[in-house]
Amino acid sequence: MNEIRVVLFGTGALSKLLTEHLRERIKIVAYLVTGTNEDINGIPTISLEKLHEVEYDYIVVAFGNTMKGIEILEKAAVPKDKIVGYAYTGLSYEENLIQKECERTVWEKLRSEKIPELFDIPAKEYYVCAMNILENRDVINRDFVREQTLAFLAEEINRRNIKGNVAEIGVSKGEFAQKINLLFPNRKLYLFDTFEGLSAKDKDAALKMGWGEKQYALAEMGTPVEEVLQVMPYREQCIVKKGYFPELFDLEEELAFVSLDIDFYDSTKKGLEVIYPRLSKGGYIMVHDFHNLSYTETRNAVIDFCEASGAAYVPIPDVGGTAVIVK
């Protein structure tokens with residue numbers, strides 16, 4: 001029987017997942033990307049301008065904003081019957097009226113009927129309380145689970161008068177740090193980051209990993225300190241710690257809450273090893289990207305640390321996934 005030729009639109013976590021679950025007779029002929037002309041495992045990457053040079057049966061949109069991918073392909077005059085949409089959460093929840101409404105609105109938008117024929121992978125499902133991909137925006141428009149988890153933890157810390165200040169390690173643009181600052185207005189907020197993007201060490205490692213890590217390394221340019229501080233509601237409580245973590249960590253005081261979002265195994269595991277002893281009894285650490293398909297090193301680091309230390313964690317189904325460690 002003839003091969004079915006597929007172009008995957010994207011080279012991140014979803015593209016990697018689909019590549020690893022091809023059915024028989026399915027052949028990836030190219031990856032459709034922007035800004036690079038390198039091969040992936042011997043398969044060429046092409047730009048949209050070069051798409052006409054490739055013979056294919058289907059183009060599968062394999063990145064988070066499926067609707068945007070479909071829109072781009074339609075504008076490029078790709079026939080509608082050759083466009084396949086896909087997104088993945090990997091989580092399941094009980095049925096409810098909001099869930100059913102979410103599924104209805106999503107299925108009206110995506111064209112994914114061909115997925116079971118092309119990939120040996122579970123059917124796509126869209127969960128209201130899980131990975132809030134953009135197709136769900138008619139029902140959800142923010143990372144509700146992560147933000148509400150933070151709010152509930154802050155409420156518990158304040159209600160129980162847990163001692164200590166708070167910290168964000170891996171600040172990026174400061175969106176999550178802003179929420180921490182808002183919820184803990186009377187506590188010092190330590191902001192640990194290079195504020196200049198990835199260190200040379202982490203960037204080299206990410207580029208070698210490829211897939212989502214590589215795209216992250218190329219895109220993460222860092223945010224200047226002043227821009228981060230501008231979004232803080234209680235700027236006077238913020239203390240900037242600029243440099244490479246965990247070597248940068250020099251706190252001797254107790255911490256009631258820490259957000260750890262640094263993606264790589266060594267820095268995450270070593271970070272937990274230096275943070276946990278400083279965590280107050282009853283304090284929390286939120287480790288982001290525990291379930292992120294692009295950054296699997298984070299999950300491994302949390303599991304290894306907790307197994308070695310005896311600490312317990314609870315997985316939270318927010319965007320990218322979070323593990324909450326409580327002392």
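Is Glu-253 buried, partly exposed or exposed? Glu-253 is partly exposed, with a relative accessible area of 25%; here buried means under 20% relative accessible area, exposed means over 50%, and partly exposed lies in between (1.4 Å probe, protein chains only).

1. Before we go on, a word on the model. This is a predicted model, in which local features need pLDDT of at least 70 and side-chain atom pairs count only at pLDDT 80 or more, while totals for chains, interfaces and linings use all residues. Residues are numbered from 1 along each chain as its sequence is written, and side-chain values use heavy atoms, with hydrogens and water left out.

2. Let us stay with Glu-253. Glu-253 forms a salt bridge with Lys-188, and their closest N and O atoms are 3.9 Å apart. This pair links distant parts of the chain: Glu-253 sits in the loop between β8 (238-242) and β9 (255-260), and Lys-188 in the loop between α6 and β7, 65 residues apart. Lys-188 is also partly exposed, at 31% relative accessible area. A salt bridge here is a side-chain nitrogen of Lys or Arg within 4 Å of a carboxyl oxygen of Asp or Glu. By this rule there are 14 salt bridges. As for the element names, helices (H or I, at least four residues) and strands (E, at least two) are DSSP runs numbered from the N terminus.

3. Now look at Arg-5 and Glu-55. Their side chains meet in a salt bridge of 3.1 Å, N to O. Arg-5 is partly exposed at 27% relative accessibility, whereas Glu-55 is exposed at 59%. Salt bridges that share partners join Arg-5, Glu-55 and Asp-57 into one network.

4. Another pair to find is Glu-147 and Lys-179, whose side chains form a salt bridge of 3.7 Å, N to O. Glu-147 lies in helix α5 (residues 144-159) and Lys-179 in helix α6, so the pair ties together parts that are 32 residues apart in sequence. Glu-147 counts as buried at 18% relative accessibility, and Lys-179 as partly exposed at 24%.

5. Arg-187 is in the loop between α6 (175-183) and β7 (189-193). Arg-187 is buried yet has no salt bridge, and the nearest side chain of opposite charge, Glu-254, is 8.8 Å away. For charge, Lys and Arg count as positive and Asp and Glu as negative, with His and the chain ends not counted.

6. Finally, turn to helix α2 (residues 66-75). Its buried residues are Thr-66, Met-67, Gly-69, Ile-70 and Leu-73. Seen down the axis of α2, they fall within an arc of 160 degrees, so they line one face of the helix; the arc is that of the directions from the helix axis to the C-beta atoms. These buried residues pack against β1 (4-9), β2 (26-32), β4 (58-61) and β5 (83-85), with contact meaning heavy atoms within 4.5 Å. After α2 comes Ala-77, whose phi is positive, near 65 degrees.
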